[in-house]
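This report describes selected features of a predicted model. Please keep the sequence and the structure in view while reading.

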Amino acid sequence: MGSAFLYAAARTPFGRFNGAFAGVRPDDLAATALRGVLAKLPGLDPAEIGDVVWGNANGAGEDNRNVGRMAVLLAGLPVTVPATTVNRLCGSSLDAAMIGSRTIESGDADVVVTGGVESMTRAPWVLPKPSRAFPAGDVTAVSTTLGWRLVNPRMPKEWTVSLGEANEQLGERFGVSRERQDAFAARSHVLADAAWNAGFYDDLVVPVEGADLARDEGIRPGTTPEILAGLKPAFRPDGAITAGNASPLNDGASAVVLGSRAAADRIGADPIARVAGRGAAALEPQMFGYAPVEAANQALRRAGIGWDDVGAVELNEAFAVQSLVCLDAWKIDPAIVNTRGGAIAIGHPLGASGGRVLGTLAHVLRERRERWGVAAICIGVGQGLAVVLENVSAS
């Protein structure tokens, strides 16, 4: 089998919940990211795209009916370009890239565009259908923005705790202090702000028509551990997790172009990175924050390298605590992790985050001239995904 390569990556800025993108439909966000990544490869005829694989976690509102296909049509691609939508919750767009890379390796396509989208602002409320007609009692609309909804009563209650409570348990189990969490979160804001100011994201982020947002809306320059220490716990009265050391609710989209080595001439560019290894792991649902540990270890084994070879890591920061327990388990230098900021500052629009960390990793490897990198993400209901990239760019 051949190898799959990353040729280009793009994303929208990430907007805050009920923020700058509140009036933008998720399928339009998806189309923006798709057009944006293809604009980086003007030599690529869109008719050459063998498939589009798109990630989306909710799919209950305007992102219904296969939002990947909607993105293809809204972006003006030929109607002959096929598309599918995959849902692995927070890992959806990283899963899409993994699926796309396998498609290329198997020879089923030479060029695949992958990505993902989420509008957590516009995620609707849903009503289950009644078991019989004309019920007399009240019914409750359930938010689809985040977390468990319409839970099967057969599920053990310890599995269906809130995401925040699950991470409070993780912090207790591994002894991660509030101080460490706040310091990690402050670092995310400082590095994200510095990266934007230095122009790192200028080549990665594409504007959204009709929205006045030039950079990620959630970044708070000047954030310090001392400021974060003043915030109240969000899930337990005496807990460690706050709105400041967890990722916010967000809207945004990301996209990546993958292709074979032989497709370089048709794409009109040299590849940036090779997909060298993939990993997927699962644990008890409440342990989801720890699942990237084994996923990344799998991906490294499949790439034939170890942690000592890795020069850059992009780990999606769903919560500071889950990020810290992963770094502790990997025994890696925190200085190589999320060097351009992470999801606590940048944001975590569920279906788009995997594509963001993968695209950012490829660009960090190129900028820092590192050979090997890992992109990893935790996923609700107890899963984790990871991809190893090898830098093959001439620069």
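## Strand pairing around S11

Glu314 has Ala375, in S11, as its bridge partner. The strands concerned are S10 (residues 310-315) and S11, which pair in the parallel sense over five bridges.

S11 is also joined to strand S12 (residues 383-391), here by eight bridges and in the antiparallel sense. Within this second pairing, Ile377 has Leu385 of S12 as its bridge partner. Three residues lie between S11 and S12, and the two strands form a hairpin. In the turn, Val381 has a positive phi of about 70 degrees.

## Burial of S11

In a regular strand, side chains alternate between the two faces of the sheet. In S11, Trp372, Val374, Ala376 and Cys378 point one way, while Gly373, Ala375, Ile377 and Ile379 point the other way. The residues of both sets are all buried.

Why is S11 described as largely enclosed by the rest of the structure? The strand spans residues 372-379, and eight of its eight residues are buried, so the rest of the structure largely encloses it.

## Nonpolar cores

The largest nonpolar core has 46 residues. Leu6, Leu94, Tyr201, Leu358, Val387 and Leu389 are the residues with the most contacts inside this core. Helix H11 (residues 353-368) gives the most to the core, contributing six residues. Another core lies apart from it and has 43 residues, including Ala246, Ile305, Cys326 and Ile344.

When neighbours within four places in sequence are left aside, Leu389 is in contact with Leu358, Leu361, Ala362 and Leu365, among others. The contacts of Leu389 also include Ala273, Arg274 and Val275, as well as Arg371, Trp372 and Gly373.

## Cysteines

How many disulfides does the model contain? The count comes to zero. A disulfide requires two cysteine sulfur atoms within 2.5 Å. For Cys90, the closest cysteine sulfur is that of Cys378, at 6.1 Å, which is too far for a bond. Cys90 counts as buried, at 13% relative accessibility.

Cys326 is likewise in no disulfide. The cysteine sulfur nearest to that of Cys326 belongs to Cys378 and is 7.0 Å away. Cys378, the cysteine named in both distances, is itself a buried residue of S11.

Notes
Residues numbered from 1 in each chain as written. Predicted model: local features only at pLDDT ≥ 70, side-chain atom pairs only at ≥ 80, totals over all residues. Heavy atoms only, no water. Core = buried A, V, L, I, M, F, W, Y, C linked by side-chain atoms within 4.5 Å. Buried < 20%, exposed > 50% of the residue type's maximum accessible area, 1.4 Å probe, protein only. Helix = DSSP H or I, 4+ residues; strand = E, 2+ residues; numbered from the N terminus. Contact = heavy atoms within 4.5 Å. Pairing = 2+ DSSP bridges.
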